[in-house]
Amino acid sequence: MNTDQDKTAAAQPFEIFLVAAPGLESVLCAEARDRGFANPTAVKGGVTVTGGWPEVWRANLELRGATRVLARIASFRALHLAQLDKRARRVPWAEILRADVPVRVEASCKASRIYHAGAAAQRIERAIAEELGAPIVKAAPKPTGKKPAKDMEAEAEDTGAVQIAIQIKARIDDDLCTISVDSSGESLHKRGHKEAVNKAPMRETLAALFLRQCGYDGREPVVDPMCGSGTFVIEAAEIAAGLKPGRSRHFAFEQLANFDPALWQSLRAGGTSTAPAIRFHGSDRDAGAIAMSRANAERAGVTAWTEFTHHAISDLTPPEGPPGLVIVNPPYGARIGEGKSLIPLYHAMGQTLKARFAGWRVGIITNEAALAKATELPFEEGGVSVSNGGIRVTLYQTGVLGE
């Protein structure tokens, strides 16, 4: 920010949209409130907060459950394309975008007189190109054909695409056009320190929300007896240590015109991290998964507080120390009814936990109620269904297991 005018503009609050896994908006809202963001409100698909650009940066750096952070930079009525063109040119693009950084525009239309999303995107692209001079990158065509419904985070993960341009998102709903800048770039589940992943990995953002939904706050041990690539264990250790989830990666907002490197470095350096007194344990019957988990924990800087061991679920025993949370994402059938062969595994897991983990709470993520029932654990009522890699799954929770 090179001028006082830029600093004043950056300080003016606006709406920030935190994208959440659908179904877990209230959990992300609680996290945003705990992190001190102003006016957190859960809405369909995410959470709105208010703040300036430093809050946008901080949201990317500190929020564990957000999929991405959208800065809503303009909102206006547009009844036809000519009006959209005219009003899009009034957006102060030069205060936000750089003329040397490519821009990609995506638009969606719902219940509006402007109904052609492609034409709407073209008008906004033209406004940016002619008013600012920034190069325009055409959005990739949406794939055709039927496929399982997925949330936005899963889609971003599946494409494998690397963000090479600043993404502008225009949403026209009931003739109201809202223009946002995707400040994140790659999905925020990509923390930047997990390279090795197992089959059907749990995304870090989803794992963080499930941990919070289980009441985990960083002050109790966590055990994952089917740890895969270690996501739950590493996430729990980072929370306990006070490590910022975005500390190891870059973000799209670093390429914006209003980016302040000095202020960003102060945000990254702020806060304190402390070595937790408790430990976090993962196990798996797959030796390769244990090797992956250890490597990921080392890159994340949590090796000293995590332990990964190679054994079957039947050999699971509680670690020394106080009870805490067992959380597990077991295998499940891709389609309802395909999980029948897994019932013995779930039953064995439930029997082990009931017999050896008195005083602990349990959270199990699966896609079939019959699999959860096979554990014979005393699950509480409720449980939100969310998408994990295109499969609808539910977190089943117990209270404290009895003696």
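Helix 9 contributes the most to the lining of the largest cavity, with four residues. The model described here is predicted, so local features need pLDDT of at least 70 and side-chain atom pairs count only at pLDDT 80 or more, while totals for chains, interfaces and linings use all residues. Residues are numbered from 1 along each chain as its sequence is written, and side-chain values use heavy atoms, with hydrogens and water left out.

To begin with the cavity, the term refers to a set of points, on a 1 Å grid over the protein atoms alone, where a 1.4 Å probe fits but cannot get out; lining residues have an atom within 4 Å of a point. Grid points are joined across faces, edges and corners, and a volume is the space filled by probe spheres set on the points. One cavity of 30 Å³ or more is counted, and the largest cavity has a volume of about 50 Å³. Its lining consists of Arg191, His193, Lys194, Glu204, Gly230, Thr231, Ile234, Glu235 and Glu238. Of these lining residues, one is nonpolar, three are polar and five are charged. In this grouping, Ala, Val, Leu, Ile, Met, Phe, Trp, Tyr, Cys and Pro count as nonpolar, Asp, Glu, Lys and Arg as charged, and the others, Gly among them, as polar.

Asp260 is buried, with a relative accessible area of 18%; buried means under 20% relative accessible area (1.4 Å probe, protein chains only). A polar atom of the Asp260 side chain lies 3.1 Å from the backbone nitrogen of Ala262.

Attention now turns to strand 14 (residues 391-397). Five of its seven residues are buried, so strand 14 is largely enclosed by the rest of the structure. Strand 14 pairs with strand 12 (residues 361-366) in the antiparallel sense over four bridges, and two strands are said to pair if DSSP finds at least two bridges between them. Gly363 has Gln397 of strand 14 as its bridge partner. Strand 13 (residues 385-388) is also antiparallel to strand 14, again over four bridges, and here Ser387 is bridged to Arg392. Strands 13 and 14 form a hairpin with two residues between them, and Gly389 in the turn has a positive phi of about 65°.

For the protein chain as a whole, there are 13 helices and 14 strands, taken as DSSP runs (helices H or I, at least four residues; strands E, at least two) and numbered from the N terminus. Buried residues make up 52% of the 403 residues.

Terms used
Buried < 20%, exposed > 50% of the residue type's maximum accessible area, 1.4 Å probe, protein only. Polar contact = N/O pair within 3.5 Å; in protein donor to acceptor, adjacent residues only side chain to side chain. 1 Å grid on protein atoms, 1.4 Å probe; cavity = no way out; pocket = protein on both sides within 12 Å on 5 of 7 lines; lining within 4 Å.
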